[in-house]
Amino acid sequence: MSDAPLISVRGEAVLEAEPEIARLSVHVQSQEPDRRTALDRLTERNQQCLDLVKSYGEAVEKLETGGLSITPLLKYRRREGDVRAYRGTVWIKITVSDFAVLGELVTRLGDLERTSVSGPEWELRQGSEVYRRAARQAANEAVDRARGYAEALGARLTGLVELSDEGLGRDTVPGGPVALAAGYGRVAGGGPAEEPEPIDLEPETQIVRATVEARFTATAPDLG
């Protein structure tokens, strides 16, 4: 094992970046006295929601169905056959890459009958260049810090022993997404309804942190 002096340091980087995508979570519901009618109504409303989202074309990066359920709602006394209604729910997950249409899409979804919307959740893509840039800056910080310590001791770095990545993290702010629940009190008929005004949504700045630990060999220090 080498007897060369070792310098151990930690390098850190904190970057701010604009989000690249926004995620919306939509729940479409129906509630009817019998199971088949509840399922039929749910199918219609689900298709209406999907058609609306698909009309935005490439502005929507991903559209997924997260789950579906048909649940019997029992009366106060739990007896066999004591069902007062059936509730159907579809969970739709939407990823939007064009923020110019986001406010309009959110309000139009919230205006659909028996539909609730939550979001947006602002994010960077999993393979975003921002993460790689943060990792490189953390590594550079480790080298600069080790070099500074070596120079303070009258030595210089001679090699790298180990570089370990403590990982990348993204700060989140709780309570950021908004939730809209709309359409439950609308009355059918009465002529076409006006489109709702788009809501103004400001993208949330993403904070990316990266940390590495490194050990370097150095020349003998000049402690005189």
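Visitor: What is the mean pLDDT of the protein chain?

Guide: This is a predicted model, in which local features need pLDDT of at least 70 and side-chain atom pairs count only at pLDDT 80 or more, while totals for chains, interfaces and linings use all residues. Residues are numbered from 1 along each chain as its sequence is written, and side-chain values use heavy atoms, with hydrogens and water left out. pLDDT is the predictor's confidence in each residue, from 0 to 100. In the protein chain 84% of the residues reach 70 or more, and the mean is 87.

Visitor: What pattern does the protein chain follow along the sequence?

Guide: The secondary structure comprises three helices and eight strands. Among the contacts with a separation of 6 or more, 85% are between residues 24 or more positions apart. Read along the sequence, the elements of the protein chain follow the pattern β-β-α-β-β-α-β-α-β-β-β.

Visitor: What percentage of the residues in the protein chain is buried?

Guide: Buried means under 20% relative accessible area, exposed over 50%, and partly exposed in between (1.4 Å probe, protein chains only). The accessible surface of the protein chain, from the Shrake-Rupley method with a 1.4 Å probe, comes to about 13,800 Å², and 47% of this belongs to carbon and sulfur atoms. Of the 224 residues in the chain, the buried share is 33%.

Visitor: How many salt bridges does a search of the whole structure find?

Guide: A salt bridge is a side-chain nitrogen of Lys or Arg within 4 Å of a carboxyl oxygen of Asp or Glu. Some are linked in a network, which involves Arg 10, Glu 166 and Glu 213. For the whole structure, the search finds 13.

Visitor: How are Glu 141 and Arg 145 separated in helix H3?

Guide: The side chains of Glu 141 and Arg 145 meet in a salt bridge, at 3.0 Å from N to O. Glu 141 is partly exposed, with a relative accessible area of 27%, and Arg 145 is partly exposed as well, at 30%. Because the two residues are four apart in helix H3 (residues 129-152), their separation is about one helical turn.

Visitor: Which strands are tied together by the pair of Arg 215 and Glu 162?

Guide: Arg 215 forms a salt bridge with Glu 162, with the closest N and O atoms 3.5 Å apart. The pair ties together parts that are 53 residues apart in sequence, because Arg 215 and Glu 162 lie respectively in strand S8 (residues 206-218) and strand S6 (residues 157-171).

Visitor: Is Thr 115 buried or exposed?

Guide: Thr 115 lies in strand S5 (residues 115-123). A polar atom of the Thr 115 side chain lies 3.0 Å from the backbone oxygen of Glu 113. With a relative accessibility of 2%, Thr 115 counts as buried.

Methods. Contact = heavy atoms within 4.5 Å. Polar contact = N/O pair within 3.5 Å; in protein donor to acceptor, adjacent residues only side chain to side chain.
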